Amino acid sequence: MTQLEKVRFVLVGTTHPGNIGASARAMKTMGLSNLHLVAPKIYPSAEATARASGADDVLAKAQVHETLADALVGCQHVFAMSARLRHFEMPLLNPREAVESLEKFDDDTQIAVVFGREHSGLSNEEIDQCHTLVNIPANPEYSSLNLAAAVQVLAYELRMSFKPVVDPGRIGEKREAIGAEDMFHLYEHFERSLETIGFLDPENPRYLMRRIKRLFNRADLDRNEVQILHGILRAAETKARNAK
């Protein structure tokens with residue numbers, strides 16, 4: 001079982017079945033699949049399946065309960081999502097802080113995130129069954145966030161915490177590191193080539209080479225990229241010589 005599988009999303013009293021499907025979709029896009037439903041008004045539903053848009057497997061294994069207490073069986077810590085800031089004797093966190101707080105729990109701790117009804121949220125009695133209140137700090141002038149959007153925010157924060165972040169520009173690419181000497185030779189080649197094509201005056205270089213060095217030092221080049229630059233410089237040199 002992965003860390004994400006130990007987190008269950010609990011939707012309480014969902015009125016519109018489409019929101020259940022949209023929430024399942026939001027969960028699946030972030031690698032979550034542990035969905036629990038408490039007394040949904042309409043479920044199963046073709047509308048839920050349609051809004052899931054391919055997250056049918058999340059819906060298929062969703063567990064339906066009559067009460068919130070049933071849905072929380074086996075959980076050691078429960079977060080309650082609330083759009084309203086209430087006066088409860090419990091910690092209040094934003095989603096990022098809530099996810100960061102999971103670090104203090106053991107790896108086998110079962111976590112629940114509870115979302116309330118679309119229009120009225122969670123009752124005070126339901127919040128009493130939770131340990132931490134979580135509030136999404138939305139625009140105070142327009143804080144209307146639908147159920148699936150709230151699910152997406154929490155699912156995203158969980159994924160960013162539990163999954164390694166992959167640079168999309170490096171997927172499938174094996175990068176070979178270079179050393180200081182490789183950059184030294186590249187800068188030498190740049191200076192020689194710029195003189196050859198007449199872009200750099202060796203008698204009045206000013207700060208051009210220093211700026212070029214700073215530029216490429218920030219670029220974090222790998223060996224393949226350095227070879228490409230050498231190739232471009234050689235082609236420019238050849239063209240300049242042939243033009244004379």
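Analyst: One term before we start: two strands pair if DSSP finds at least two bridges between them. Helices (H or I, at least four residues) and strands (E, at least two) are DSSP runs, numbered from the N terminus.

User: What kind of model is it, and how are residues numbered?
Analyst: This is a predicted model: local features need pLDDT of at least 70, side-chain atom pairs count only at pLDDT 80 or more, and totals for chains, interfaces and linings use all residues. Residues are numbered from 1 along each chain as its sequence is written, and side-chain values use heavy atoms, with hydrogens and water left out.

User: OK, strands. Which residue stands opposite Ile 111 in S6?
Analyst: His 77 does. Strand S4 (residues 77-81) and strand S6 (residues 111-115) pair in the parallel sense, over four bridges.

User: What order do the seven strands of the open sheet take?
Analyst: The order is S3-S2-S1-S6-S4-S7-S5, with parallel pairing.

User: Which are the edge strands?
Analyst: Strand S3 (63-65) and strand S5 (92-93). Each pairs on one side only.

User: Which strands does H7 lie across?
Analyst: Helix H7 (residues 147-162) lies across strand S1 (7-12), S4 and S6. H7 runs at about 170° to S1. Axes here are lines fitted to C-alpha atoms, for helices over the stretch in contact, and angles run from 0 to 180 degrees between N-to-C directions.

User: How do H1 and H7 pack?
Analyst: Helix H1 (residues 17-29) packs on H7 at an angle of about 15°, with the axes 8 Å apart. That makes H1 roughly parallel to H7. Angles under 35 degrees count as roughly parallel, over 145 as roughly antiparallel, 65 to 115 as roughly perpendicular and the rest as oblique.

User: Which residues in H1 meet H7?
Analyst: Asn 19, Ala 22, Ser 23, Ala 26, Met 27 and Thr 29. On the H7 side they meet Leu 147, Ala 148, Val 151, Gln 152 and Ala 155. Contact means heavy atoms within 4.5 Å. By class, this contact of H1 with H7 has seven nonpolar, four polar and no charged residues. Ala, Val, Leu, Ile, Met, Phe, Trp, Tyr, Cys and Pro count as nonpolar, Asp, Glu, Lys and Arg as charged, and the others, Gly among them, as polar.

User: Now H8. At what angle does H8 pack with H10?
Analyst: Helix H8 and helix H10 (residues 223-243) pack at about 20°, with axes 9 Å apart. So H8 is roughly parallel to H10. The contact of H8 with H10 has seven nonpolar, five polar and six charged residues.

User: And what about H8 with H9?
Analyst: H8 (residues 180-196) and H9 (residues 208-219) pack at about 140°, with their axes 11 Å apart. That makes H8 oblique to H9. The residues of this contact divide into eight nonpolar, one polar and two charged.

User: Switching topic. How many aromatic pairs does a search of the whole structure find?
Analyst: Two. Rings of Phe, Tyr and Trp (its six-membered ring) pair if their centres lie within 6.5 Å; planes under 30 degrees apart count as stacked, over 60 as edge-to-face and the rest as tilted. The rings of Phe 9 and Phe 115 have centres 5.4 Å apart and planes at 45°, so the pair is tilted. Phe 9 lies in strand S1 and Phe 115 in strand S6, so the pair ties together parts that are 106 residues apart in sequence.

User: Where is the cis peptide bond?
Analyst: It joins Tyr 43 and Pro 44, with omega about 5°. Pro 44 lies in the loop between strand S2 (35-38) and helix H2 (46-52).

User: And what is the phi of Ala 39?
Analyst: Ala 39 has a positive phi of about 45°, although it is not a glycine. Ala 39 lies in the loop between S2 and H2. Most residues other than glycine have a negative phi, and most peptide bonds are trans.
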